[in-house]
Amino acid sequence: MLFFTLKKDRLPEFLDAVDKRYKLIVPEQKGEKTYTFRQYTEFSKVSLEFIRTIIPPKKLIFPPVEKLFSVDKECRIDASHEDEQFSVIFGLHPCDLHGIEILDKAFSYGGRDTSYWRRRDKVGFIGLSCLPDKYCLCKSMHTDFIESVYDIFLYTLDDVYMVSVRTALGDDMLRLSPGLFNKPTKEEILEYKERIQIRDSMFTRIMDTTNLADLLTLEYKNDIWEEYSKRCLFCGSCVMVCPTCQCFDVYDSPDVIAGNSCRIRRWDACMRKDYALVTGGHNFRGTRPERFRFRYLHKETGFGEMHGKASCTGCGRCSETCPAGIDMVEVVRRIRE
């Protein structure tokens with residue numbers, strides 16, 4: 001890993017250089033307080049102070065709807081896809097980079113998911129540091145820093161970015177405009193350490209995750225699940241905005257006139273009543289408390305047992321988005337009582 005500094009007023013030159021070589025995706029403001037990832041057009045539209053986008057960057061490598069393959073009237077299968085340009089996504093915060101790492105594990109379990117990795121193998125990441133708001137829970141989930149996944153990470157200081165270069169792709173991006181980067185001075189290294197301490201002190205939303213998986217399992221029959229399931233609208237918003245939820249449905253979309261058909265994969269939600277419905281009419285999670293409880297158990301227990309870490313990144317999207325005002329921190333606190 002290499003460290004450099006980049007003057008803040010030279011960031012536009014760097015992004016312009018990256019955009020000339022790769023397809024650059026950046027965060028932009030969408031509404032008064034909402035942000036989204038879009039293809040780069042000009043630096044003036046890039047958002048640097050945003051906390052979170054509405055939909056996480058998973059949509060760029062695991063799209064909400066995608067065609068897996070098609071079958072023509074002669075029963076010939078076509079699984080080819082248009083060759084996509086290599087993309088670089090700028091502005092990912094540590095929680096979202098952890099989300100990418102979790103998706104990598106999920107889509108590699110039992111074998112690499114061809115459709116996911118076809119895109120993932122053609123994406124690089126430039127991370128960007130952030131400051132927490134009242135929804136951020138990443139410190140409790142140990143995702144407030146990232147040491148993997150990214151190619152370049154920019155830590156915001158007063159006048160410069162402290163630039164961490166982790167991969168060969170990151171080094172290639174720096175070489176697009178090498179004159180912009182300098183070795184960090186002692187003063188800049190000291191400021192970097194002070195900024196880390198200041199940021200750490202700004203977290204106000206803390207959740208005790210000690211033995212959380214065990215507690216959730218022990219409290220499997222707690223009345224709290226039914227209590228919160230009565231408040232939950234089961235709209236699926238928390239699932240759609242989650243950077244790690246990867247439930248999907250697969251269906252065929254036939255064109256009767258043309259005589260062909262496409263197999264489609266689209267996002268789905270374990271909170272939906274028909275998600276666990278199988279042929280014959282049995283539903284493995286037919287009641288509201290079962291569906292509400294499953295989301296917590298899968299996030300904190302099920303995924304951890306399979307991959308060694310919980311699948312919540314503490315990004316805060318679910319709590320900010322929930323129309324019923326259900327907060328994971330509150331639910332976990334009630335479980336601990």
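Author: Two strands pair if DSSP finds at least two bridges between them. The model is a predicted one.

Reader: Which residue in E9 does Lys7 stand opposite?

Author: Strand E1 covers residues 2-7 and strand E9 covers 160-165. E1 and E9 pair in the antiparallel sense over six bridges. Within that pairing, the residue opposite Lys7 is Val160.

Reader: Which residue in E10 stands opposite Thr5?

Author: E1 also pairs with E10, in the antiparallel sense, over two bridges. Strand E10 is made of residues 181-182. Opposite Thr5 stands Asn182.

Reader: Which strands stand at the edges of the sheet?

Author: Eight strands form an open, mixed sheet in the order E3-E2-E6-E7-E8-E9-E1-E10. An edge strand has a single partner strand, so one side of it is left without a neighbour in the sheet. The strands in that position are E3 and E10.

Reader: Which residue in E8 is the bridge partner of Leu128?

Author: Strand E7 spans residues 123-128 and strand E8 spans residues 152-156. The two run parallel and are joined by three bridges. In E8, Leu128 has as its bridge partner Leu154.

Reader: What angle does the direction of helix H5 make with that of E9?

Author: Helix H5, residues 186-201, packs on the sheet and touches E1, E8 and E9. Another helix, H2 (residues 94-106), lies across E6, E7 and E8 and runs at about 150 degrees to E7. For H5 against E9, the angle is about 85 degrees.

Reader: How many disulfides are there?

Author: A disulfide needs two cysteine sulfur atoms within 2.5 Å. For Cys95, which is buried at 10% relative accessible area, the nearest cysteine sulfur is that of Cys315, 5.5 Å away. The sulfur of Cys130, also a buried residue at 15%, is 6.1 Å from its closest cysteine sulfur, in Cys95, and that is too far for a bond. By this rule the count of disulfides is zero.

Reader: How far is Arg295 from the nearest side chain of opposite charge?

Author: Arg295 sits in helix H9, residues 288-307. Leaving aside neighbours within four places in sequence, the contacts of Arg295 are Cys238, Val239, Cys245, Cys270, Met271 and Cys318. Arg295 is buried yet has no salt bridge, and the nearest side chain of opposite charge, Glu300, lies at 8.7 Å.

Reader: Is Glu28, which meets Arg38 in a salt bridge, buried or exposed?

Author: The side chains of Glu28 and Arg38 meet at 3.4 Å, N to O. Glu28 is in strand E2 and Arg38 in strand E3, 10 residues apart. Arg38 counts as partly exposed at 36% relative accessibility. Glu28, at 6%, counts as buried.

Reader: How many residues apart are Asp327 and Arg205?

Author: Their side chains meet in a salt bridge of 2.2 Å, N to O. Asp327 is in the loop between H10 and H11, and Arg205 is in the loop between H5 and H6. The pair links distant parts of the chain, with a separation of 122 residues.

Reader: How many residues apart in sequence are the parts tied together by Glu227 and Arg334?

Author: The side chains of Glu227 and Arg334 form a salt bridge at 3.0 Å, N to O. Glu227 is partly exposed at 39%, and Arg334 is partly exposed at 23%. Glu227 lies in helix H7 and Arg334 in helix H11, so the pair ties together parts whose separation is 107 residues.

Notes: Residues are numbered from 1 along each chain as its sequence is written. This is a predicted model: local features need pLDDT of at least 70, side-chain atom pairs count only at pLDDT 80 or more; totals for chains, interfaces and linings use all residues. Side-chain values use heavy atoms; hydrogens and water are left out. Buried means under 20% relative accessible area, exposed over 50%, partly exposed in between (1.4 Å probe, protein chains only). Helices (H or I, at least four residues) and strands (E, at least two) are DSSP runs, numbered from the N terminus. Contact means heavy atoms within 4.5 Å. Axes are lines fitted to C-alpha atoms, for helices over the stretch in contact, and angles run from 0 to 180 degrees between N-to-C directions. Lys and Arg count as positive and Asp and Glu as negative; His and the chain ends are not counted. A salt bridge is a side-chain nitrogen of Lys or Arg within 4 Å of a carboxyl oxygen of Asp or Glu.
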